[in-house]
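This report goes through a few parts of one model. Please keep the sequence and the structure at hand while reading.

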Amino acid sequence: MAQVAVLGYGTVGSGVVEVIEKNSDVISKRVGEDITVKYVLDLRDFPGDPIQDRVVHDYDTIVNDKDISIICETMGGINPAYEFTKKALMAGKSVCTSNKELVAAHGPELISIAKANKCNYFFEASVGGGIPIIRPFNEALTAEKIDCIMGILNGTTNYILSKMENEGAAFDTVLKEAQEKGYAERNPEADVEGYDAGRKIAILASLVYGETVKFEDVFTEGITKIAPVDFEYAKKLGLTIKLIGLEKETSEGRFAVVTPRLIGSESPLAGVKDVFNGILVHSNMLDYSMYYGRGAGKLPTASAVVGDVIAAAKNPGNHLTCVWEEKACSLADYKKLAQKYFVRVAGNMAELKADIEKVFAGASFVQLDNVTDEFAFVTEEMTELEYDKKAASINNIKSMIRM
Ligand code: HSE
């Protein structure tokens, strides 16, 4: 029997207990032994909850218990999760986590501690919630050279953008509604400013490069400036707007950025709606592959943690390779990334078009029905450095969205 401890009995932690107990029959069969939750660490007590007698408040009870071979870290945040994880790994206990903040900040160090102590640091749930993406990167895709990842990696912002598109509602209105329904955090900054997606693309890019892509080096732009009118233009152009975590290797270097993007309605990512996540991967032998599903939520995320628990239980004393070194990966300046730009301009299109065409040769123009005081154009592909230089000579630009 493998005995497990769960750190943090919040949404994901309680989900982990539920998955282990509800699916105990198939889990036992697949592991070859039973998996049971011996402890739940939390500051609170849970009277009346089936786990009430297993709640402990002192982490040493867990880390000093030789029967505990696997720890699920579902606390979130850096502290004390970082210290707890290190202590567990040093004691040879595998740790399975949903904590993307900790993985993005200290992943390679924790992996190397796990390696030295013949155990595992698994983090499938840290990116894409319940969607299998870390294990495909570490196992099924290891024969591939991955050159591009485009991911809708944040459920909250995808929900907000989907609602704005469907209902023509403003960002603030939809955010408020999402907060009231509990879909968005009371402090939504990490989601709406793209930091959450930034951590997730940093983790995926680190696995691609085998070196550490620091979250702080990932350029992030959130969705707060997206307006309902942007969706009107998008519809007219046969496009939609998504917050995309992009990893790309070009002749200019390696890029990792998170920004809103206009994407074609034929793209598989266009069909990823509401709280769902989707990750489109391009690699040199397989071509495109897509990973889709619930990127957040109690049971989907917990399922990914428990999948890791099963992998840990099947590999006692055996560290499974994950190539992610602490060495910092040098990213290219995001301004060198080449792409097209959708640009909204205040003023009369007939009067301004010729001047804009002189600067942005090959631009295509679009105007909404019954609107005469603004219009938009789509540029040819160019780096953001080139775009900035050209855009500086046009006075009345209202907004720009990358494509
Ligand atoms: N806030 C995150 C999201 C939770 O909305 O996707 C899952 O990481």
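Which backbone nitrogen lies 3.0 Å from a polar atom of the side chain of Asn99? The model is a predicted one, and in it that nitrogen belongs to Leu102.

Asn99 sits in the loop between strand E5 (94-97) and H5. Helix H5 covers residues 100-116. The relative accessible area of Asn99 is 3%. Asn99 counts as buried because this value is under 20%.

Asp191 belongs to helix H9 (residues 189-192). With a relative accessible area of 10%, Asp191 is buried. Along the chain, Asp191 and Asn99 are 92 residues apart, and their C-alpha atoms are separated by 15 Å. Asp191 is also one of the residues that surround the ligand.

**The ligand and its shell**

Which residues surround the ligand? They are Lys100, Asn154, Gly155, Thr156, Asp191, Asp196, Lys200, Gly295 and Ala296. Sorted by class, this shell has four charged residues, four polar residues and one nonpolar residue.

| Residue | Distance to a ligand oxygen atom |
|---|---|
| Asn154 | 3.4 Å |
| Thr156 | 2.5 Å |
| Lys200 | 2.8 Å |

Taken alone, the ligand exposes 250 Å², and the protein buries 80% of that. The space that the ligand takes up is the largest pocket. Which elements give two or more residues to the shell? They are helix H7 (155-167) and helix H10 (195-209).

**Backbone angles**

Some places in the backbone deserve a separate look. The peptide bond from Asn79 to Pro80 is cis, and its omega is near 5°. Pro80 is part of the loop between strand E4 (68-73) and helix H4 (81-90).

Lys118 has a positive phi, near 50°, and is a residue other than glycine. Its place is the loop between helix H5 (100-116) and strand E6 (121-122). Is Lys118 buried or exposed? Lys118 has a relative accessible area of 55% and is therefore exposed, as the cut-off is over 50%.

Asp287 is not a glycine either, yet its phi is positive, at about 75°. Asp287 lies in strand E12 (residues 287-294). The relative accessibility of Asp287 is 41%, so Asp287 counts as partly exposed.

**Helix H11**

Which residues of helix H11 (residues 228-237) are buried? The buried residues are Val229, Asp230, Phe231, Tyr233 and Ala234. Gly238 follows H11, and the phi of Gly238 is positive, near 75°.

**Summary**

Polar side-chain atoms of Asn154, Thr156 and Lys200 lie at the listed distances from oxygen atoms of the ligand. Asp191 is a buried residue and is among those around the ligand. Asn99 is buried as well, and a polar atom of its side chain lies 3.0 Å from the backbone nitrogen of Leu102. In the backbone, the bond from Asn79 to Pro80 is cis, while phi is positive at Lys118, at Asp287 and at Gly238.

Note on methods. Residues are numbered from 1 along each chain as its sequence is written. This is a predicted model: local features need pLDDT of at least 70, side-chain atom pairs count only at pLDDT 80 or more; totals for chains, interfaces and linings use all residues. Side-chain values use heavy atoms; hydrogens and water are left out. A residue is near a molecule or strand if one of its heavy atoms lies within 4 Å of it. A polar contact is a pair of N or O atoms within 3.5 Å; within protein, one must be able to donate a hydrogen and the other to accept it, and residues adjacent in sequence count only if both atoms are side-chain atoms. Accessible areas come from the Shrake-Rupley method with a 1.4 Å probe; for residues, only the protein chains shown count as cover. On a 1 Å grid over the protein atoms alone, a cavity is a set of points where a 1.4 Å probe fits but cannot get out, and a pocket is an open set with protein on both sides within 12 Å along at least five of seven lines; lining residues have an atom within 4 Å of a point. A molecule sits in a cavity or pocket if more than half of its atoms lie within 2 Å of its grid points. Helices (H or I, at least four residues) and strands (E, at least two) are DSSP runs, numbered from the N terminus. Ala, Val, Leu, Ile, Met, Phe, Trp, Tyr, Cys and Pro count as nonpolar, Asp, Glu, Lys and Arg as charged, and the others, Gly among them, as polar. Buried means under 20% relative accessible area, exposed over 50%, partly exposed in between (1.4 Å probe, protein chains only).
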